[in-house]
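Please keep the sequence and the structure in view while reading.

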Amino acid sequence: MRRLLLVAVMCGAASVAQAADMPDLPFLRGSVTEGLSASTVNWQGFYVGGHGAYGTSNMNFTGSTRTVAARLLDGTEMEGIQRISEWPILGKVSVHGHGFGGFAGFNSQWSDVVVGLELNYTHGKFGGSQTDSMSRFFTLPSGYTDGVTYEGTARINITDMGTLRVRGGYAYGSFLPYMFAGIALGQADIIRTARVFGTQVNPLAAPGFQNVPFDISATDAQYSHLIYGYSFGLGTEVMLISNLFLRAEWEYVRFSSSIDTSINTVRAGLGYKF
């Protein structure tokens, strides 16, 4: 009986010693993920990259040549009576465009929450143009019957645009879906032309002034003009290997200028996190 008790004590002591020598494994504490984040990717730090963009420019040219026409016709009887510069010409136009560019930013990460600040730049061809006209006949107090056509042409060409964004995302595994918003700056050529032409007829006027044709025009051109606005959008990044990541996103940019313009783009990019 004493021998059996001695053997039992020795076996128990050996088991306790073996358990003490084993590493403190997570599964021995009852949970695989205890003390660990669901994300295994570190997004903290600086990053840079490049992208390609394809999108649609939406322009509202309505009334964009009004001030040009008003200056052109200032002091004339036909403008004072008929308000030709306010005739409803031009409208909305959508044009596809494309570009390429780069981005650089910094991420701060708390567990799976990622917040960052980013500079984003795109060079490309965005914008469009439209020409429209309206004709009317009317009689002025001076006795002249006028046949007048008001023609307007407006164009905006945006070659460069950049945004300063604040963004926030939630890391899940190798993926980082995010949203962003910020301010936008752009460089654009904006050209607006107003042309008014027609004929004034007054049989009672002095000879040589009974039938008077006219054709006048004026242009307001702004080249490399700074425009500004705001942007917002969403996207996702996926970490590949060696801190290399892919990006896909959608961005909406709205610019404030003499021609109301917004640009929707989809983008694909490749970046590197330091």
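The points below cover confidence, ring pairs and charges over rings.

The model is predicted, with a mean pLDDT of 87 for the protein chain and 85% of its residues reaching 70 or more.

**Confidence**
- Over residues 1-36 the pLDDT stays under 50, and for this stretch the model has five contacts beyond four places in sequence.

**Aromatic pairs**
- The count of aromatic pairs comes to nine.
- One of them joins Tyr 47 and Phe 103, whose ring centres are 6.3 Å apart and whose planes meet at 55°, so the pair is tilted.
- Because Tyr 47 belongs to strand 1 (residues 45-60) and Phe 103 to strand 2 (residues 92-110), this pair ties together parts that are 56 residues apart in sequence.
- Both Tyr 47 and Phe 103 are buried.
- In the pair of Phe 232 and Trp 250, the ring centres lie 6.0 Å apart with the planes at 70°, so the pair is edge-to-face.
- Phe 232 is in strand 6 (residues 211-239) and Trp 250 in strand 7 (residues 244-256), so that distant parts of the chain, 18 residues apart, are linked.
- Phe 232 is partly exposed, with a relative accessible area of 35%, and Trp 250 is also partly exposed, with a value of 30%.
- Trp 43, Tyr 47, Phe 103 and Phe 245 are linked into a cluster by ring pairs.

**Charges over rings**
- The charged end of Arg 136 sits over the ring of Trp 87, at 4.7 Å from its centre.
- Arg 165 lies over the face of Phe 180, 3.8 Å from the ring centre.

Key
Residues are numbered from 1 along each chain as its sequence is written. This is a predicted model: local features need pLDDT of at least 70, side-chain atom pairs count only at pLDDT 80 or more; totals for chains, interfaces and linings use all residues. Side-chain values use heavy atoms; hydrogens and water are left out. pLDDT is the predictor's confidence in each residue, from 0 to 100. Contact means heavy atoms within 4.5 Å. Rings of Phe, Tyr and Trp (its six-membered ring) pair if their centres lie within 6.5 Å; planes under 30 degrees apart count as stacked, over 60 as edge-to-face and the rest as tilted. Helices (H or I, at least four residues) and strands (E, at least two) are DSSP runs, numbered from the N terminus. Buried means under 20% relative accessible area, exposed over 50%, partly exposed in between (1.4 Å probe, protein chains only). A charge sits over a ring if NZ of Lys or CZ of Arg is within 6 Å of the ring centre and within 35 degrees of the ring normal.
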